[in-house]
Amino acid sequence: MASEDFTAERSATGSAETAQRVMAASDFVVAPGYGVGGVVGTGLSATESLATELSAADVHWMRRAILTAMEADGRASPNPTVGAVIVKDGVLLSAGATEPFGGRHAERCAIEKVTDRAVLRGATLYTTLEPCAHWGKQPPCADLVADCGFARCVVGIRDPNPAVAGVGFARVRAAGTEVVCGVLRNETLAWHLPYLVPRLLARPMISTFALDTPGTNGSRLLFGHSDRWESASAGRDYRARLKHRCDLLVTEPSASSVDTAAFARGAWHGLVWWDMAGRLADMTVTEARELAAQARDLGAPLALVAVPGPDNAAQLDAVVGGGITHVIPQSGLDPAGWLASSIRDGELAAVTGGMPNWVLVDDHPRLAAALAAMDTVDVVHVLETRGGSGEVGNLCARPAETIGDAVRIARIEAADATIGEYYTQGLSSALRGTSW
Ligand SMILES: [Zn+2]
């Protein structure tokens with residue numbers, strides 16, 4: 001972690017609340033190792049030394065707050081998985097992350113770990129997101145934070161939820177606690193992206209995997225393939241994290257997609273098989289029944305989206321007979337077009353029982369490329385070629401594999417793989433207009 005660029009640190013120095021600036025494209029880049037997929041490898045946590053300068057200490061402890069969130073199970077969705085730490089005189093008093101949905105929020109977890117509440121007077125609370133100000137399944141964190149007598153409350157980003165935005169800060173500040181917002185802003189933003197995108201675009205975040213491969217006109221993306229990800233331990237780890245963290249996994253029909261190892265602790269609402277190529281040909285009722293039962297055990301209802309026709313009537317009978325829900329795309333749309341439109345107009349919620357925050361398209365090259373061609377993909381997770389330029393941009397050779405002027409936000413260097421996270425131009429532009 002030698003060359004981190006803490007852009008957000010400067011914006012936080014010496015002011016009560018910053019984050020009002022408009023971001024330039026270059027502002028998006030996050031420190032190596034951070035991203036929506038969390039941290040891969042062991043390069044982050046152990047080797048940091050605590051700097052004595054105040055702002056450097058803020059960066060140090062905010063990093064601990066993000067790592068605390070990343071280490072949590074990630075089952076808080078649709079709530080954000082927030083991380084919080086409490087520090088006094090340079091000593092960590094406690095740390096907490098948002099519990100699985102319905103449970104306590106990060107600030108409360110950290111505060112309730114300290115048995116003598118008087119110790120909190122004069123301490124600093126670091127939290128990745130503005131403390132909530134409204135009643136949900138839990139009481140407002142801002143009221144609890146205000147009651148603790150903290151000297152400072154240091155925050156990564158403002159919560160865009162209208163019930164919170166600025167209200168949480170005001171409540172904490174009214175208690176005499178200094179509020180600083182914007183420390184490791186880009187890193188906290190990247191981590192909370194699945195929570196933020198639905199509030200920004202009024203639809204779920206859609207992400208998919210790709211390989212960066214040398215082409216005749218520069219790099220080109222191969223969407224959706226997962227085989228090479230599995231051959232590197234860091235790639236395998238990263239992919240498993242995303243599958244664990246997303247709300248809805250969309251993939252080709254296969255027995256291996258119902259993967260108990262990857263999903264046993266996951267939070268997702270469901271698994272959707274997207275049949276665009278008649279991959280169900282060999283499925284029997286018995287197999288379908290077993291897979292449906294496995295998926296139910298994981299808490300993930302399994303659905304199949306396929307256009308019925310004379311060629312697949314027997315397979316669809318097997319699927320339905322096995323207890324898997326068959327969803328027929330709206331007439332006139334192919335399955336990829338239906339996914340794009342159902343995400344936009346909310347029809348997807350009828351399939352999954354609720355609108356997911358994050359749809360991950362995994363191991364489905366045709367669907368991923370079709371969605372990218374429709375400008376429906378927001379984030380692309382790219383396994384980068386070693387020694388290549390690492391710049392994907394609009395250099396892709398075939399239109400179906402173009403993601404426009406994608407901006408690389410994060411780069412994760414692990415022992416056996418380099419992983420880039422790219423925001424597509426649409427998401428980058430939308431984020432540039434925010435003041436979070
Ligand atoms: Zn809260």
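Trainee: Which residues in H11 meet H12, and which ones in H12 do they meet?
Mentor: Val285, Ala288 and Arg289 in H11 meet Ala318, Val319 and Gly321 in H12, where contact means heavy atoms within 4.5 Å. This is a predicted model, in which local features need pLDDT of at least 70, side-chain atom pairs count only at pLDDT 80 or more, and totals for chains, interfaces and linings use all residues. Residues are numbered from 1 along each chain as its sequence is written, and side-chain values use heavy atoms, with hydrogens and water left out.

Trainee: And how do the residues of that contact divide into nonpolar, polar and charged?
Mentor: The contact of H11 with H12 has 4 nonpolar residues, 1 polar and 1 charged; Ala, Val, Leu, Ile, Met, Phe, Trp, Tyr, Cys and Pro count as nonpolar, Asp, Glu, Lys and Arg as charged, and the others, Gly among them, as polar.

Trainee: At what angle do H11 and H12 pack?
Mentor: Helix H11 (residues 285–297) and helix H12 (residues 313–321) pack at about 40°, with their axes 7 Å apart. That makes H11 oblique to H12, since angles under 35 degrees count as roughly parallel, over 145 as roughly antiparallel, 65 to 115 as roughly perpendicular and the rest as oblique.

Trainee: Switching to the sheet, what is the strand order?
Mentor: The open sheet of 5 strands runs E2-E1-E3-E4-E5, with mixed pairing, and two strands pair if DSSP finds at least two bridges between them. Its edge strands are E2 (91–97) and E5 (178–181), each pairing on one side only.

Notes. Axes fitted to C-alpha atoms, helices over the stretch in contact; angles between N-to-C directions. Helix = DSSP H or I, 4+ residues; strand = E, 2+ residues; numbered from the N terminus.
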